[in-house]
Amino acid sequence: MTKFVGTALLVALAAGCTSTATPSADDADAKYTCRTLDNESTLIEEVLAKVNEVRAANKLEPLVIDPLLSAVADDFACEMITDRFLAHTNPTDEVSPGERLTTAGYIYYAMGENLAAGQASADEVVADWLASDAHRANILSPEWREVGIAVREGGEHGWYWVQEFADPVEFAGR
C-alpha cells in the first residue's frame, strides 16, 4: 500500500496526514530493520532531477542537495522504520521536523517536509507527491534553496522516502 504524508509550508502539518503502522504479533523484528538500498544514490539523484524539472517548468530555481539536510532525512527515514510509524512527528518523542533540523545544527528561516512510503521508484514517489496539493506546494515553493532526500528499505510499507526542504539563513536578503 502506498502512503504519503506532507506538510504545508513553514512546517505547518497538514491535517489528517498521518498514518501509524501497528505490527502484527507474527512480524519479525527484521522487518523493522532500516536498510540502505544498493541504488540509493541513483534514486536520490533521480528524485532531485525530477523535482528540479518540475521547478524549472514553473520558472523556479533548482534545489541543491545539502549534506546536513540529507543526514536528517536519512535518520528520520530509519526512525520511522524502526519505531514503526509514518508521520512528521515521532509519537514517542514528539520531536517536530523543525526541531530535528535545529538539533542537527541546520539554521533556517523556513523549512518543509514531504514523506512517502511504499513507492518503489523515483518516478512513482515524485508522481505521488505532485498529485497531492500539500506535497506539490512544498516541491514548488520558491522559498526553498536546499533539500535533503532519503530513501530507506524496511518496515510496514517496504520503502520510506523523506524530503527536507529549507531556506537557510545564509540566503538572507537575496
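Modeller: The axes of helix α2 (residues 67-83) and helix α3 come within 10 Å of each other and cross at roughly 125°, where axes are lines fitted to C-alpha atoms over the stretch in contact and angles run from 0 to 180 degrees between N-to-C directions. This is a predicted model, in which local features need pLDDT of at least 70 and side-chain atom pairs pLDDT 80 or more, while totals for chains, interfaces and linings use all residues. Residues are numbered from 1 along each chain as its sequence is written, and side-chain values use heavy atoms, without hydrogens or water.

The two helices are therefore oblique to each other, since angles under 35 degrees count as roughly parallel, over 145 as roughly antiparallel, 65 to 115 as roughly perpendicular and the rest as oblique. On the α2 side, L68, L69, V72 and F76 make the contact (heavy atoms within 4.5 Å), and they meet R100, L101 and A104 of α3. By class, the residues of this contact comprise 6 nonpolar, no polar and 1 charged.

Helix α3, which spans residues 97-104, also holds G98, and this glycine counts as buried because its relative accessibility is 7%, buried meaning under 20%. Between G98 and A110 there are 8.6 Å in space, C-alpha to C-alpha, and 12 residues in sequence. Across the chain, buried residues make up 48% of the 174 residues, and the secondary structure comes to 5 helices and 7 strands, these being DSSP runs of at least four residues (H or I) and at least two (E), numbered from the N terminus.

How values were computed. Buried < 20%, exposed > 50% of the residue type's maximum accessible area, 1.4 Å probe, protein only. Nonpolar A, V, L, I, M, F, W, Y, C, P; charged D, E, K, R; others polar.
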